[in-house]
Amino acid sequence: MVPAFEGRRFEKLNDIIERNGRTPSSLIPILQEVQEEYRYLPEEVLTYVATALGLPPSAVFGVATFYAQFSTEPKGRFVIKVCDGTACHVRGADTVHFAVRRAAGLEPGRKTTDDLTFTVEQVNCVGACSMAPVVTVNDRRVYGDMTQKEAAALVERLRKEAEEEPVPTEGAGDGVGTAGERAADGAGGAAG
Amino acid sequence: MAVDIKMTPPSAGEDKAWMTIDGRQVPVEGERNILEVARKAGIDIPNFCYHSELSVYGACRLCLVEVEGRGVVASCSTAPEAGMVVHTNTQRIRRLRRLTLELILADHDRECTTCVKSGACRLQELANRFGLDRVRFGERDGREPVDTSSPSLVRDPNKCILCGDCVRMCSEVQGIGAIEFAYRGSETAVVPAFDKGLGDVDCVNCGQCVQVCPTGALTVRSETERVWEAIHDPDTTVVVQMAPAVRVALGEAFGLDPGTQAAGKVVAALKSLGVDRVFDTTFAADLTAWEETHEFLRRRKEGGPLPLFTSCCPAWVRYCEQYHADLLKNLSTCRSPQQMMGSVLKRYWAPRQGLEPDRVFVVSLMPCTAKKFEAARPEFVREGCPDVDCVITTGEAAAMIREAGIDLESIPEEPFDNPLGMGSGAAVIFGTTGGVAEAVVRTVAGIVHGQDAPRVDFTPVRGHRGLKEATVDLSGGDGKGESGDRVRVAVVHGLARAGELVRAVKEGRVDYDLVEVMACPGGCVGGGGQPVGPGETRAARSRGLYRIDRRSQLHRPQDNPHIARLYREWLGEVGSHMAHEALHTRYHPHRRIEGVRATASTPAAAGAAAAGAEGDAFAAAKVPGEPLEVSVCVGTGCYLRGSHHVLRVFNRLLDERGLRDRVNLSATFCLEKCDRGVSVKVGDRLITGVGPDTAAEVFEREVSGRAAGPVETPGRRQG
Ligand code: SF4
Ligand code: SF4
Ligand code: FES
Ligand code: FES
């Protein structure tokens, strides 16, 4: 993965900070953009943000771990979100969640596979209740009316995709290229 | 609890505001909240998160009271109003309190018998006070590891009740913020940055968080076992040095009033534990005052750098090393009294006793947790033998005395051993805020006026106000001193205030010649290793030190005959090579957070990156040899000097010169040369003092040539 502090990447980080302003009140918008850029909030980046805003690193870490949308761990290439909103919940979201985790090979207590292929999360209503239970991949592809079987099949398809195309082209912890973003959009369209 | 405030019921026409608490009329006299008014009336409303010296947090919910017409409110965060009718002990309040305590205990490691805080724990005390006889909720599942990474403190998250007292102490009073709340919901925890150990973050070991923690979650790292071992080793001579602030506080653990001089009793107790010699750190404080005064006068003559900042407080020194590298040249090079004493003991005293230094075990008895850290600094270890082998705090010493079953109150006093058992009054007051500055002023007066120097009571720097300023006129009129010279002195305690003062100095808003800083509120009397006590206790200890000073025959270091003898027999002149080597030190910039440096530029990471999305940027891996590693420091010091601009220039030049594939450019954290301008590492070479304006020139000289030439391979693993 491209190191967080690689020269050009670091410049982007700096741009994010400059754009939002070097004041403590910019912390959350900065973290949001950083999270988009890196897909997670690496330790050195948080330390740098703290330096730039004149905050203690512990305070930045506190904010980064408080909000569910931030992650201080690298995320997998495919972030699979299993909706657990009310509609999905009553229609079996739990069993879907279980099936996804098992297919991805996640140990209990882990959210991301060691090879950084999958991150599996349970989230609140994604706003597609008519298709419940719903699963999204990298916030772009949406799959409705999921069953345990389909969930497992989806994971397998993604795995194959990862094998056939080892260079991540989207949504991964190390994906930064704009080309990747475009590919992801294309794929999302096809799947949706 | 006796109430010494006269409380008469309101009479018509009086304009004072009154409120009713549990049926009694109580005047409201500017208190911030109901809790304080109740306290004044002798009612102790239970709480965990209220500290009069910290901001109001209002999280523990233990301080609930009922206010007529308003229902249940938190007394710590409700302002008192005229006519308010408050009940602190209704059935409802009692039920809520017990419920809250039960809930806290349900998530608390309840191994009280093996907890060092047992007997002094606020949670235990309140559970007893409210007669809690069971906890209806289950035990906590799983244990968090105990954090022992700090040389001074132990953090046991299993005992944390999330009151946030330590968090506010560290950020509001100390201005550090080494610990914070993190995570959310049931995962919420108080942790150092990135959940690292306290020893790996910006903590300066002051121990103030320990002073406010109501439970055993933050405690002093005890080293009493090592002292016992040394005592029971027949081949070891155990020598204790006792700091000034200890003598006016240790007695508190045995029922004496704060400020009571207990030195003689403590000496006797230590002797009966089996300690061979007990010396007085005041001896070394005289030495410090003497050396530091000469350093000060020399700096004045040679034009700086001034102001001279005192260096006795290791928490303050660490703070400077982490936050103000450009100020290190202003720190006095004098070692602290503890370390001067260690030096004297191992290098002067031991040989004259026919003892091998490594057979002498020097124990410092200190009010301070940061002294543990200081004693372990590599500068103070000679040939594997530390000058100070072990530091125990006032609290640890009290525990040892208690363990031995000694009744401090009735034990007959014994004197310190000589010749290192005596110091002047100026040395005694080193233990309180203002004391070091006053000692220097006394010493200067002694130098300027010689034999006829009058007694100096430098009262403007006494007391526990936040910032104290004074000007002294040195004009002796006898031509010996810098005639007509004025010395502007400032004294601060608490690092947040010290930080403000440093900023003011840097920005040129204030101008001083001498600045005394002590990290702890009140100075060493309020040290992190002292018995827990409120501000009034600290003030009483300071008064105790000034009392000792007033009675002392010796007023200033010049009056201490053993100091003169030490120079005669060992050190030679002030400023001699020996004095320099044994009594002075150097400081080093230090990064704030461990483990985040240079993570980006390892060959392995670069190799992995070559296969990644930005593969072309790292095509270098295909070139024979390895690309040149270039990293620019973006730590605090370098950041403030514009290191991000330097990086930008480097990035641009890499593209312009077409060197992308020959160079791995990255940012990195503190290279610990913060005092010299932006630091850049090229291969194995460290270049300091780079600025945004010289970045291009440095790039051409240091990077272009080397990257274009044959790539060096210093035998590192290929990614
Ligand atoms: S010892 Fe001092 S600096 Fe360290 S966490 Fe406690 S209060 Fe903060
Ligand atoms: S460590 Fe102590 S002071 Fe800090 S939040 Fe926990 S219980 Fe409170
Ligand atoms: S003291 Fe009021 S909520 Fe803790
Ligand atoms: S911040 Fe310490 S060397 Fe750069």
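This is a predicted model: local features need pLDDT of at least 70, side-chain atom pairs count only at pLDDT 80 or more; totals for chains, interfaces and linings use all residues.
Residues are numbered from 1 along each chain as its sequence is written, while chains are lettered from A and ligands numbered from 1 in the order in which they are written. Local features need pLDDT of at least 70, side-chain atom pairs count only at pLDDT 80 or more, totals for chains, interfaces and linings use all residues, and side-chain values use heavy atoms, with hydrogens and water left out.

Salt bridges come up a lot here. Side chains of opposite charge can pair when their charged atoms come close. With a salt bridge taken as a side-chain nitrogen of Lys or Arg within 4 Å of a carboxyl oxygen of Asp or Glu, the count over all chains is 67. One of them joins Glu43(A) to Lys196(B), at 2.8 Å from N to O. That pair crosses between chains, running from helix 3 (residues 43–53) of chain A to the loop between strand 8 (189–192) and helix 5 (208–212) of chain B; helices (H or I, at least four residues) and strands (E, at least two) are DSSP runs, numbered from the N terminus. Glu43(A) is partly exposed, at 25% relative accessible area, whereas Lys196(B) is buried at 16%. Buried stands for under 20% relative accessible area, exposed for over 50%, and partly exposed for anything in between (1.4 Å probe, protein chains only).

Within chain B, Glu569(B) and Arg352(B) form a salt bridge at 3.9 Å, N to O. Glu569(B) sits in helix 18 (residues 561–571) and Arg352(B) in helix 11 (residues 337–352), so this pair ties together parts that are 217 residues apart in sequence. A further salt bridge links Arg657(B) with Glu700(B), at 2.5 Å from N to O. There is also a network of salt bridges, made up of Glu438(B), Arg442(B), Arg455(B), Asp457(B), Arg462(B) and Asp549(B).

Ligand 1 has residues of chain B around it, among them Cys170(B), Cys203(B), Cys206(B) and Cys209(B); a residue is near a molecule if one of its heavy atoms lies within 4 Å of it. The shell splits into eight nonpolar residues, two polar and no charged. Here Ala, Val, Leu, Ile, Met, Phe, Trp, Tyr, Cys and Pro count as nonpolar, Asp, Glu, Lys and Arg as charged, and the others, Gly among them, as polar.

Finally, Phe137(B) lies in the loop between helix 3 (122–129) and strand 6 (153–155) of chain B. Phe137(B) is partly exposed, at 31% relative accessibility.
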